[in-house]
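Please go through this structure by question and answer.

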Amino acid sequence: METCQVIETRQTEGAQPALKSVVSLLYDLIQTVGQAADFPLALKQMVQQVCHHTDWVFGEVWLPSADQQLLYNSGVWGASEPPLEDFAAASQKVTFSPGQGLPGRVWLTGQPEWIIDVATVSKERFYRCDLALAAGLRTGVGVPIKLKQEIAAVLTFFKAETCREDHQQVELISAIATQIGAVLRLIDIQTTLRDRERFLRLVLDNIPQQLFWKDCEGAYLGCNQIFAHHAGFTSPAEIVGLTDSDIGIYSEADVAYFRARDQQLLEQQTPILQMIQAQPYADGSKRWISANKVPIHDGNGQVIGILGTLEDISDRLATQQAINRREQYLTALVEVQRQLLALEGIWDSSRYLHLLQPLGRASNASRVYIYELDAQNRNLHQRAEWLAPHIATDANSEMCASIPYPGAFAEWMAVLRQGGVVNQIQSKFPPLADQALASSHVKSILLFPLQVNGQFRGLIGFSDCCQLRTWNRSEVALLQIAAAAVSLAIERHQVELSLRRAESKYRSIFENAVEGIFQSTLDGRYLTANPMLARLYGYDSPEELIRTITNIRDQLYVKGDRRDVFIQIVLQHGSILGFEAEVYRRDGTIIWIAESARLVRDAQGQAIGFEGTVENITARKRAETDLRQRDRLLEGVAQASQHLLTNTDLASAIPTVLSIVGIAAGADRAYVYEQHSHHPTGVAAMSMRYEWTQPGITPSIQQPHWQNLPFADHGLERWHQAFLAGLPVRGVVRDLPKAEQQLLQRDHIEAILMVPIFINQDFWGYIGFDTCQPERLWNASEESILVRSPPAWGAASSASAQRTKFAIRRSTMP
């Protein structure tokens, strides 16, 4: 509008040449500024064009500082004469506050200002008077450039001669500034859009999952970089327009499967989540992935395509398989220990077989066998052999029933005599051993020595007839424990001593993302969040999350120092992957998250924030906690059993065993009761004989109500009948019969677990565990372990009696 007014005024005055110059100037300015890549370049080109088309010999640009406190020289200037470079260089060192100097006043008022002669004004009004005069500059004018209702820049122009204020020139320059402001606004919008597009592409290409999206016909509309890479393409652009059948790594069966799932999704319009499938990769490998597909809707709610994510879970599955295998080994070890504790009298092959069966199943071996060295050290005789269902026995062959020692296996026997382990595949077998095992089709072998009193007395072996493999270090360590336990059991059999041993170790794409995605500042404010992140933290929308969480460290993190560690790592290394921490949801509940992020820097390389993804890993963390507790309890039971086996003084061993099992079980009390006849009535009664308590828990062993207590009192006949039947008594006290509650509440007991002890099939008493904390109850897995442990007490007591008889018999021998 202002430009039109200027042109109209000049037309009325008959200034046709000036009009052509103005039109040419405006045209050139709009053309050059419109083609500028950014704001500073547009300003520079504008100043140069004004100086080129008019009699202003020097022009410069002043920009507000980030805090809007100062106006500084942008370094952008234009001149028709080279000597003015000194004036430009000196001006770049000057800054103005609002209202100070010509640029500062224009910045403050937002109005143009004309100075006829800089030599006639005060230094307060024109601070650079001396510099301008030295450069031959006299008349100056300043005009503002407005962008989004704010002063985005101040332009100043100078002439070499003094000139009275020319309102038409001021209006002309102001009109030019107005038009430039409009063009600059367009540039700013375009820059913002490009930045957002780059951010979305950056997010997609930094998400660890593979992402793709198709139309309803199955043609790819796009994907992220990791998907393109694994599909055999160098960039996502190459896959656009292709279908699954056009991707060379997919077989016909793969394509048919993908199409069937896509068709199912389009027909039902319901997400298909967590499909576990084998996915071919461009490098020729196949990986297990978890696939998710969701429909993409347009603004009218119509399905227009499919969004898919692929997460490589091969490592996770391998870890889970390793955990499962480890638990199988731990369970096998506990079973072997239970069998060893229960062994009495003469051993035979059937009893050995009971030991070998759980080890064979846990190790996935084809055969598991035990050989013992005869008294003459001439032959190894097979005592027992366990076979997988599909494996035929070789036990009837003379070679397998009795092996000359050391014979064809001399090299392996030398290793075993030194306490070593043989763990080899067929290509590594010594020649003589390979020939001897040819008929047995052994492809892999694992041998452990059986040492009795420090001497080699046999071996326990594992053969695989189906595949070439070596057992890993963890498997070897666990099986070595089993071999040592068998060695101890053999030693007990040979010297008539009871020793037992076992151990355990232990906007469509962005909005539909299945991971929480965020962009945050260094000081802990969310700038961007997707709906998944809001749902993960319990908020109704990303806007509510961004509005509510203004300090991530103090409002979100359960432990603020974990946020400090997160920031330190990202600042130091530039990124972080899978950082785990506990956080609060909106309702106050606590969850575990795994956070992956990278550091965001500005154009000057300064750190300005973080962006990344968040995953809820609460279920996995809870599973890990349960597994650790199970391992801890198994280890405690194993240690207690070992202590019972190795300690000849049962009375001194029981307090130690109670403390081991009580701590491992997380109990507040652990104790042993003995059944006896009530004095004076003679009815069945019980008395506490041993007790262990946690610090701060009042002992009960001195309480008179737990000594010489008839089972008939307080309704405890229910306990007695359960114990006689070999059953445990368990429960939360508040759920027990009233009489039992009154008795147990005397000692502040909240939950109880009691398991009978039998000696030589006779009920002797029971071992019990109390918890005095309402929130601490045993789960089914823990109860199962605790219920299976008391047979060791009866076995140990029986063994103690046998040791006593043996000692008496030896003392009476001549």
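This is a predicted model: local features need pLDDT of at least 70, side-chain atom pairs count only at pLDDT 80 or more; totals for chains, interfaces and linings use all residues.

Residues are numbered from 1 along each chain as its sequence is written, and side-chain values use heavy atoms, with hydrogens and water left out.

Reader: How many helices and strands does the protein chain have?
Author: Helices (H or I, at least four residues) and strands (E, at least two) are DSSP runs, numbered from the N terminus. On that basis the secondary structure of the protein chain comes to 26 helices and 28 strands.

Reader: What percentage of the residues of the protein chain count as buried?
Author: Buried means under 20% relative accessible area, exposed over 50%, and partly exposed in between, with a 1.4 Å probe and protein chains only. The protein chain has 814 residues, and the buried share is 48%.

Reader: Which residues have the most contacts inside the largest nonpolar core?
Author: A nonpolar core is a set of buried Ala, Val, Leu, Ile, Met, Phe, Trp, Tyr and Cys residues joined through side-chain atoms within 4.5 Å. The largest one has 56 residues. Those with the most contacts inside it are Leu359, Phe448, Ile460, Phe462, Leu479, Phe769 and Leu786.

Reader: Which residues is Leu786 in contact with, leaving aside neighbours within four places in sequence?
Author: Contact means heavy atoms within 4.5 Å. With those neighbours set aside, the partners of Leu786 are Leu633, Val661, Ala665, Leu753, Val755, Phe769 and Trp778.

Reader: What distance separates the end C-alpha atoms of helix α22?
Author: The expected span of a helix is 1.5 Å times one less than its number of residues. Helix α22 covers residues 650–665, which is 16 residues, so it should span 22 Å. The distance between its end C-alpha atoms agrees with this, at 21 Å.

Reader: Which residues of α22 are buried?
Author: An α-helix has 3.6 residues a turn, so residues three or four places apart point the same way. In α22 the buried residues are Leu650, Ala653, Ile654, Val657, Leu658, Ser659, Val661, Gly662, Ala664 and Ala665.

Reader: Is Gly524 buried or exposed?
Author: Gly524 lies in the loop between β18 (516–521) and β19 (526–529). Not counting residues up to four places away in sequence, Gly524 touches Thr550, Asn551, Ile552 and Arg563. Its relative accessibility is 4%, so Gly524 counts as buried.

Reader: Why is the pair of Phe723 and Tyr766 stacked?
Author: Rings of Phe, Tyr and Trp (its six-membered ring) pair if their centres lie within 6.5 Å; planes under 30 degrees apart count as stacked, over 60 as edge-to-face and the rest as tilted. Phe723 is in helix α23 (residues 717–724) and Tyr766 in strand β28 (residues 762–771), 43 residues apart. The ring centres of Phe723 and Tyr766 are 4.7 Å apart, and the pair is stacked because the planes are at 25 degrees.

Reader: Which residues do ring pairs link into a cluster with Phe723 and Tyr766?
Author: Phe723 is buried because its relative accessibility is 0%, and Tyr766 is buried with a relative accessible area of 2%. Besides Phe723 and Tyr766, the cluster contains Tyr671, Tyr673, Trp706, Phe758 and Phe763.

Reader: How far from the ring centre of Trp592 does Lys621 lie?
Author: A charge sits over a ring if NZ of Lys or CZ of Arg is within 6 Å of the ring centre and within 35 degrees of the ring normal. The charged end of Lys123 sits over the ring of Tyr127, 5.7 Å from its centre. Lys621 lies over the face of Trp592, and its distance from the ring centre is 4.3 Å.

Reader: What is omega for the cis peptide bond that joins His679 and Pro680?
Author: Pro680 is in the loop between β23 (669–677) and β24 (684–693). The bond from His679 to Pro680 is cis, with omega about 15 degrees.

Reader: What is the phi of Gln274?
Author: Gln274 is found in strand β9 (residues 272–280) and is exposed, with a relative accessible area of 60%. Its phi is positive, in a residue other than glycine, and is near 55 degrees.
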